[in-house]
Structure formats: structure tokens, C-alpha cells
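Student: I have a structure to read and would like a guide. Can we take it feature by feature?

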Amino acid sequence: MSQVDLHFHSTASDGKLSPAQIITRAAEAGLKVIALTDHDSVDGIIPALKAVKAYPALTFIPGVEISTDLSDGEAHILGYFIDYASPELAKNLQKSRDSRSGRGKRMVEKLNALGVNIEWARVQQIAGDGAIGRPHVAQAMIEKGYITKFEEAFDRYIGHGGPAYVEREKMTPEEAVAMIVNARGLPVLAHPFTVKDPEAMVISLKKVGLAGLEVYYKDNSPHQTAATLQLAKKYGLIPTGGTDFHGIGDSNEVRLGGTEVPLSSAEQLIKLAEKLHK
Ligand code: AMP
Ligand code: ZN
Ligand code: FE
Ligand code: FE
């Protein structure tokens with residue numbers, strides 16, 4: 001069981017547990033340092049900060065995960081120690097969420113045209129106040145019996161390049177890094193294997209302020225973890241990690257804290273943030 005988990009989602013985006021529920025889960029799991037990283041939203045941070053007060057041994061880092069599409073993959077940028085009260089950040093994230101909503105609706109239309117008759121209103125209902133994402137679409141498909149597992153939705157319909165997939169409004173990974181830097185956060189490239197050439201991406205993002213690389217990730221092979229650690233060392237990036245836990249409850253989901261992340265990773269991140277925010 002890891003002491004650190006720096007990547008998971010709550011109901012503020014496409015996770016199933018509320019921020020308060022996740023904090024309780026993390027404390028019960030014996031975690032020491034955690035970060036909430038909802039997609040394009042910091043709405044879960046204040047409730048999480050309130051909940052974490054009950055657990056003095058638990059260190060909470062405010063975070064976010066910003067999604068960008070590439071022609072041949074996706075790049076997700078994590079932002080740690082982000083100024084979640086920044087009005088400019090709020091404006092930018094709202095724009096991303098609006099684009100998620102339009103994109104979700106178009107994916108539903110494409111699915112309908114393919115004979116998958118789910119309703120956009122139901123997808124919105126499932127998402128509630130959270131930033132709409134493909135897992136909400138997938139859940140609507142499960143409810144109607146079109147698929148039985150989440151992965152099927154991605155494999156057959158809404159995975160990158162799938163027949164019902166719709167891209168986000170264009171934001172480059174460089175812009176996402178800049179957005180985080182402007183909000184005094186530390187940008188980290190998430191699960192680098194979702195881009196074709198992780199090293200080229202690192203080189204490009206390093207120029208605009210990349211601080212870390214997600215080395216420890218739920219479904220990395222040992223080889224991938226070793227290769228990413230090498231890359232982090234080569235470019236002087238802090239190796240971070242986490243489970244990307246969503247609380248979906250699928251049999252193959254890694255539980256909160258279920259990916260080993262060294263305590264020293266979190267310590268390096270905290271130290272850099274302290275230096276920056278002095
Ligand atoms: P979106 O934010 O709409 O781009 O959706 C991305 C989210 O979909 C990820 O954070 C995961 O929760 C989920 N996801 C992506 N690929 C898969 C997959 N192959 N199987 C299950 N869930 C996935
Ligand atoms: Zn997600
Ligand atoms: Fe991601
Ligand atoms: Fe994630």
C-alpha cells in the first residue's frame with residue numbers, strides 16, 4: 001500500500017465519490033500525501049480541504065488535470081499547488097467545461113446515429129455538477145444495456161479516434177502548462193504513454209515550465225515505469241504518480257493508494273512549491 005496518491009477524481013469531474021468521501025477513503029487507507037486532480041475543475045478543492053481537517057496526519061495538495069487532444073493521442077497536464085481561487089483560472093476552466101459539454105452532446109448525437117440510443121439529458125443528469133466526460137456517456141450506455149463494461153464504450157465507440165469520438169476544442173499541451181504556471185501551479189505531464197513520442201513532448205513542455213512527469217501510474221508495466229523514470233531524470237523533472245482512481249467500481253480498477261509512489265516524490269513536489277511560493 002502506497003503512502004502517496006497524487007492522481008484521482010471526484011464528483012467534481014467524472015469520479016463517483018464526493019471530495020469528502022475520497023478524503024475519508026484516503027485516511028482509512030493510511031495515505032500520507034494526496035492530491036485531488038479533477039478534470040478541468042477545482043470545484044472539489046474547498047470541500048476536500050474542509051474534510052481533510054479531520055485528519056491531521058494527511059497532507060492534501062490542491063490539483064487539477066487539464067485535457068488536451070493531439071492528432072495522434074491525448075496529453076493530460078496535471079497542475080499541483082494550483083491557486084484554486086484564481087479568477088483567471090476559473091474563467092479558463094469554465095471555458096474548457098463548456099467545451100466538454102458541447103463535445104459530449106455531439107458524441108451522443110454520433111452514438112444515436114450509430115443506433116446507440118442514449119439521451120443527452122441523461123448524460124447531463126449522471127454528471128450532475130461535475131465536468132462532463134466520456135465516463136458519464138459510458139455509464140448511460142451501460143444503463144441502457146448497450147455495453148456491460150466501461151472499457152467497451154472506449155474500445156468500440158468513444159476512445160480516441162473511435163466512430164463516436166469527438167475532439168475537444170483546441171488547446172495545446174503548451175497552453176495547458178502555461179495556464180497552470182499562470183495560476184502558480186506545478187505542471188506535470190500525466191501518464192506520458194498516451195502521447196506517441198513522450199520525449200519530444202517533454203522537451204517541448206519543459207520550455208514552457210514543465211516541473212514533473214507522472215512516472216508511477218496504475219497500469220504502467222515495470223518497463224514503462226523504468227523508462228519514464230529515466231526520462232524524468234534526463235530532463236530534471238520530479239517523478240510523480242498516482243492511481244487515477246475514479247471509484248467506478250470496475251473489477252479492474254486500481255483502488256485509491258493502490259499504486260506504489262515513493263514518499264520522496266511528494267516531498268520533492270512540496271519542496272519545490274514552498275520555494276516557488278515563498
Ligand atoms: P474525457 O475527460 O471525456 O476525455 O474522458 C477521459 C476519461 O475517460 C479518463 O479520465 C478515464 O476516466 C476514462 N477513460 C479513458 N479511456 C478509458 C478506457 N479505455 N477505459 C475506461 N475508461 C477510460
Ligand atoms: Zn476521468
Ligand atoms: Fe488523464
Ligand atoms: Fe485522471
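**Reading the pocket, the metal site and the helices**

Tutor: Start with the pocket. β3, β4, α3 (87-113), α5 (134-143) and α6 (150-158) each supply at least two residues of the lining of the largest pocket. Keep in mind that this is a predicted model.

Student: Which element gives the most to that lining?

Tutor: α6 does, with four residues.

Student: How many residues line the largest pocket, and which lie nearest its centre?

Tutor: The lining has 37 residues. Nearest the centre are F154, Y217, K218, D244 and H246. The volume of this pocket is about 1,100 Å³.

Student: What does the pair E65 and H76 tie together?

Tutor: E65 sits in strand β3 (residues 59-70) and H76 in strand β4 (residues 73-80), so the pair links parts that are 11 residues apart in sequence.

Student: Are E65 and H76 buried or exposed?

Tutor: Check relative accessible area; buried means under 20%. E65 is at 0%, so E65 is buried. H76 is at 10% and also counts as buried.

Student: How far apart are the iron ion (ligand 3) and the iron ion (ligand 4), and which residue coordinates both?

Tutor: The two ions are 3.4 Å apart. E65 coordinates both.

Student: On to helices. What span should α3 have at 1.5 Å a residue?

Tutor: With 27 residues, α3 should span 39 Å. Its end C-alpha atoms are 39 Å apart, so the two agree. After α3 comes G115, with a positive phi near 90°.

Student: Which residues of α3 are buried, and what do they pack against?

Tutor: Among the buried residues of α3 are L89, L93, R97, R100, G104, M107 and L111. The buried residues of α3 pack against β3, α4 (120-127), α5, α6 and α7 (173-182).

Student: How do I read a one-sided helix?

Tutor: An α-helix has 3.6 residues a turn, so residues three or four places apart point the same way. Now take α9 (residues 222-234). The buried residues there are T225, T228, L231 and A232. Down the axis of α9 they fall within an arc of 125°, so they line one face of the helix.

Student: What covers those buried residues of α9, and which exposed residues are on the face turned away?

Tutor: The cover includes α8 (198-206) and β6 (212-217). The face turned away carries the exposed residues P222, H223, Q230, K233 and K234.

Student: How far does α9 reach from its first C-alpha to its last?

Tutor: Its 13 residues reach 18 Å, close to the 18 Å expected at 1.5 Å a residue. Just after α9, G236 takes a positive phi of about 60°.

Student: One last residue. Where is Q139 found, and what does Q139 touch?

Tutor: Q139 is in helix α5. Leaving out residues up to four places away in sequence, Q139 touches K16, I126 and F150. At 18% relative accessibility, Q139 counts as buried. Q139 and L229 are 90 residues apart in sequence, and their C-alpha atoms are 35 Å apart in space.

Conventions: Residues are numbered from 1 along each chain as its sequence is written. Chains are lettered from A and ligands numbered from 1 in the order in which they are written. This is a predicted model: local features need pLDDT of at least 70, side-chain atom pairs count only at pLDDT 80 or more; totals for chains, interfaces and linings use all residues. Side-chain values use heavy atoms; hydrogens and water are left out. Donors are N, O and S atoms within 2.8 Å of the metal (3.2 Å for Na, K and Ca); water is not among the atoms, so sites may look incomplete. Buried means under 20% relative accessible area, exposed over 50%, partly exposed in between (1.4 Å probe, protein chains only). The expected span of a helix is 1.5 Å times one less than its number of residues. The arc is that of the directions from the helix axis to the C-beta atoms. Contact means heavy atoms within 4.5 Å. On a 1 Å grid over the protein atoms alone, a cavity is a set of points where a 1.4 Å probe fits but cannot get out, and a pocket is an open set with protein on both sides within 12 Å along at least five of seven lines; lining residues have an atom within 4 Å of a point. Grid points are joined across faces, edges and corners, and a volume is the space filled by probe spheres set on the points.
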